[in-house]
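Here are my notes for your next look at this model. Have it open beside you as you go through the points.

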Amino acid sequence: MKKIFNKTSVVVCCAISSLLIGNTVLAVDPDQPPEGSVYIENIVYGGSGCPQDSVGISIATNGLNFGVSFDQYIAGIGDDFGRADQRKSCDLRVNLRVPPGYAYTVADLTYRGYAEMDRGIFASMSSTYHFQGEALEAGFVKNMRGPIEEDFTYTDSLDLESFVWSSCGATAPLVLKTTMKLKKARFTPPESGGTIGVDSVEGKLTHEYGLLWKKCEG
């Protein structure tokens, strides 16, 4: 697996007074970790959708999310692709530096990329997360179907009861497991095909994870 080291301590403090999740307004502690005390130390990644040197990370200036960009995360189906191209994956382990007394969770995910699929072609993007060593897991799924030919932006939010929180101080890495799959419906013409992945503007597929913070009790 490839490891990316973040050379600067970029602030990712993400406390907010309230967050709209679906139809639920979630009240959270207004206190947040001290400025500069939370940052991504490194990311380790590997998989068929993320070969070496094809993944980048970025932190939003407002501190509410972190982004992962993929330069070669592309799934395809049809005459120009092999069977292995129909399913691509990338697993990531994110080491987030968190001071004692705070915990965080992933509250939403935004996908940005490009899809070009004929009628009868179906696509699925998924991302699950858990904290290393913990059994609880939560995730996001986005399904699409052809015909479609466009850059896309999709956001998926978790319900409040689905949140999986880190331990206090968040010493365990955040583990993300992502996949993209394409398949044909029955009786779809054999010449039909499609691709999903990097967009036509920046040449990247991007996952943007929204974080929510809280102070530990006691």
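1. Let's start with Asp199, which is buried at a relative accessible area of 15%; buried means under 20% relative accessible area with a 1.4 Å probe and protein chains only, exposed means over 50%, and partly exposed is in between. Asp199 is in the loop between β14 and β15. Strands here are DSSP runs (E, at least two residues), numbered from the N terminus.

2. What does Asp199 touch, once residues up to four places away in sequence are set aside? The partners are Gly113, Tyr114, Asp151, Lys204 and Leu205, with contact meaning heavy atoms within 4.5 Å. Along the chain Asp199 and Gly113 are 86 residues apart, yet 4.3 Å separates their C-alpha atoms. The side chain of Asp199 also has a polar atom 2.7 Å from the backbone nitrogen of Glu202.

3. Some housekeeping: this is a predicted model, so local features need pLDDT of at least 70 and side-chain atom pairs count only at pLDDT 80 or more, while totals for chains, interfaces and linings use all residues. Residues are numbered from 1 along each chain as its sequence is written, and side-chain values use heavy atoms, with hydrogens and water left out.

4. Overall, the protein chain has 15 strands and zero helices. Of its 218 residues, 48% are buried. Take the contacts with a separation of 6 or more: 79% of them are between residues 24 or more positions apart.

5. Now the largest nonpolar core, which has 50 residues. Such a core is a set of buried Ala, Val, Leu, Ile, Met, Phe, Trp, Tyr and Cys residues joined through side-chain atoms within 4.5 Å. Tyr129, Met144 and Ile196 touch the most other members. Strand β9 (residues 102-117) gives this core its largest share, eight residues. Beyond its neighbours within four places in sequence, Ile196 has contacts that include Tyr73, Tyr114, Met125, Met144, Phe152 and Leu182. In soluble globular proteins, nonpolar side chains tend to be buried together.

6. How many aromatic pairs turn up in a search of the whole structure? There are seven. To pair, rings of Phe, Tyr and Trp (its six-membered ring) need centres within 6.5 Å; planes under 30 degrees apart are stacked, over 60 edge-to-face, and the rest tilted. One of the pairs is Tyr104 with Trp213, tilted, at 5.2 Å centre to centre and 40° between the planes. Tyr104 sits in strand β9 and Trp213 in strand β15 (residues 205-215), 109 residues apart, so this pair links distant parts of the chain. Tyr104 is buried at 1% relative accessible area, and Trp213 is buried too, at 0%.

7. Phe152 and Tyr154 make a stacked pair, 5.2 Å centre to centre with 15° between the planes. Both residues are buried. The charged end of Lys142 sits over the ring of Tyr154, 4.2 Å from its centre; the cut-offs are NZ of Lys or CZ of Arg within 6 Å of the ring centre and within 35 degrees of the ring normal.

8. Last, have a look at Thr188, in the loop between β13 (174-184) and β14 (194-197). Thr188 is buried, at 14% relative accessible area. Neighbours within four places aside, Thr188 is in contact with Arg119, Gly120 and Ile121.

Terms used. Helix = DSSP H or I, 4+ residues; strand = E, 2+ residues; numbered from the N terminus. Polar contact = N/O pair within 3.5 Å; in protein donor to acceptor, adjacent residues only side chain to side chain.
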